[in-house]
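Q: I am new to this structure and would like to learn how to read it. Could we proceed one feature at a time?

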Amino acid sequence: MAITSSSESLLNWSLRLPPCDRFVRPPVHTTAATSITKSSGESFELATPFFWFDPAWYQVDVERCALVANAIASCGIVVSVLHSDLAQIDNVDASALTPRMVPHRFDRAGLIYRDFASASFIDLRMALSRDSHGRFAYPINQLLRWANQEETQIDRSIDAMTFPPDWKSLDDMVPKVNQLRRLSSAAVFLSFDSFHLPVMMPAALKAKVDGVIVQISGDPLASIVEARRLIDESENTSIPLWIVTNTALSPEDCVKCFAMGANGISVDAMCNGFLFGSNQLEMTTSERAARSFGLPKPADSHQRIFHLAKQMVDRFVADICGHAHSCGVDRLSNLCPAHLTRT
Amino acid sequence: MRIRGNAGIGLGVAMRGGTLAVYGTAGDRVAAAMIGGEVLARGDVGADVGVGARGGTILIGGDCGPRLGEPQGDLIIFLRGKAASLASGMIEATLRKRDELRLGLLLINASIRADAKEFRRVIPEQVLQAERDRKRGEVDPNWR
């Protein structure tokens, strides 16, 4: 079962079929629920092991952002959002979103003190995100959204920091994590690029973070195996390993990732597609007609967006649970490499 | 906030408002990624002061390490001592009357005894050029 080559692919592995020479009782039900245990020993339950790592909030109007964030969070998916991402809406409070992750960027862009209140996770983000031109920079509209200012049509970016400016070295991660724990009761996760896995993982383990998020380009298999190996060699083998992929994973691929050691998977591709939908298109014909006559939008159009989100997420989770059920496990966390076979 | 002593690395990083006064020295990357407010250091400061700042005011009472400046917005730096080097595109300029007034108020606010005339401004070259090219008139006289 050892995977040594970094070019190993999920395509080379398939889910192991049940044995044909003896009786195996299938589990009654397979649940996607997972629990997170913080380094303090305190634990809490998540309805699903999925999270929305980097939503492009600034590309969509705030009304849509608030609706979609609420809808996705209500399905049990952890949503990464700042208060300032939902700025300009007085009656929307990001604190009400549960489960919520607070992205703490290098230069704390967009972050305000209120973000720490009632957050489930703090993502100490060591990985940089790119603007539309590929630079490590913030699009001007993202900064304007954070500053609660009028957005512009000008295509401009502002460079982002490439290392926390208040850190001398990675050794400063320990006091930083402790500081975040004092500010909030949330679980502190560290996110970084898979390219920096050999450097960042030991630093994360030393800082005793509550979990790690690895951003992976391309096939995730080799990076998951390498990350899991580093975790298993450490003292804290129960630390959750969440992954972010730049491509959408099929339900079967997700199950393979869970079996190889991932504990959480980003569903950005699925959720971003929903974010860029249109409130207008998701209305019925009569609602659109009413709106064109200037009548207020009916309240149940919000419910329809919630329903669509729930339908989309439920189907995805059911497909994953179905594949996991075929492996004979009752929880996704019980999947292991023995449930896979090389093809 | 007043700090009687020395500050380490990253004093006032990403601060959004308020006044932070240090009566000793400060380390590298003072006020990096700053958005607003004022940072005052009476002593020497380290390298990369104000890098990536998008607003606010920095006052340095002593000398400064290499690469001073490189803001990405309307940051103003007042420097009394010498800078080891300025970041690309930054230039030293004399104070305008309005800067002297503003600086005097800052010094009083932070309880630092100094004369505003001892300071110089460090600003982006294009900002200085824009100031020089600005047309003056009766309602915008050149002494302001």
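A: We may begin with a single pair of residues in this predicted model. A:Phe189 has A:Gly211 as its bridge partner in β11(A). As a general idea, the strands of a sheet pair through backbone hydrogen bonds, and the pairing is either parallel or antiparallel.

Q: Do strands β10 and β11 of chain A run parallel or antiparallel, and how many bridges join them?

A: Strand β10 (residues 187–193) and strand β11 (residues 211–216) of chain A run parallel, and 5 bridges join them.

Q: In what order do the strands of chain A close into a barrel?

A: The order in chain A is β4-β5-β6-β7-β10-β11-β12-β13, so that 8 strands close into the barrel, with parallel pairing. On average, neighbouring strands of this sheet are turned by 25° against each other, direction ignored. Helix α5 (residues 221–232) of chain A packs on the sheet and touches β11 and β12 (241–245) of chain A. The direction of helix α5 makes about 160° with that of β12(A).

Q: With which residues is A:Phe189 in contact, leaving aside its neighbours within four places in sequence?

A: Among them are A:Phe121, A:Ile122, A:Asp123 and A:Leu124, as well as A:Val209, A:Gly211 and A:Val212.

Q: Turning to chain B, which pattern does it follow along the sequence?

A: Chain B reads β-β-β-β-β-β-α-β-α, with 7 strands and 2 helices.

Q: Why does the radius of gyration of chain B agree with that of a compact globule?

A: A compact globule of 144 residues would have a radius of gyration near 15 Å, and chain B has 14 Å, which agrees. The C-alpha trace of chain B spans about 45 × 30 × 25 Å along its principal axes. Of the 144 residues in chain B, 42% are buried.

Q: How many residues of chain B are in contact with chain A?

A: There are 10 residues of chain B in contact with 8 residues of chain A. On the side of chain B that touches chain A, 6 residues are nonpolar, 3 polar and 1 charged.

Conventions:
Residues are numbered from 1 along each chain as its sequence is written. Chains are lettered from A and ligands numbered from 1 in the order in which they are written. This is a predicted model: local features need pLDDT of at least 70, side-chain atom pairs count only at pLDDT 80 or more; totals for chains, interfaces and linings use all residues. Two residues are in contact if their C-beta atoms, placed from the backbone, lie within 7 Å. Ala, Val, Leu, Ile, Met, Phe, Trp, Tyr, Cys and Pro count as nonpolar, Asp, Glu, Lys and Arg as charged, and the others, Gly among them, as polar. Two strands pair if DSSP finds at least two bridges between them. Helices (H or I, at least four residues) and strands (E, at least two) are DSSP runs, numbered from the N terminus. Axes are lines fitted to C-alpha atoms, for helices over the stretch in contact, and angles run from 0 to 180 degrees between N-to-C directions. The radius of gyration is taken over C-alpha atoms; the globule rule is 2.2 Å times the number of residues to the power 0.38. A residue is buried if 20 or more other C-beta atoms lie within 10 Å of its own, exposed if 12 or fewer, and partly exposed in between; C-beta atoms are placed from the backbone.
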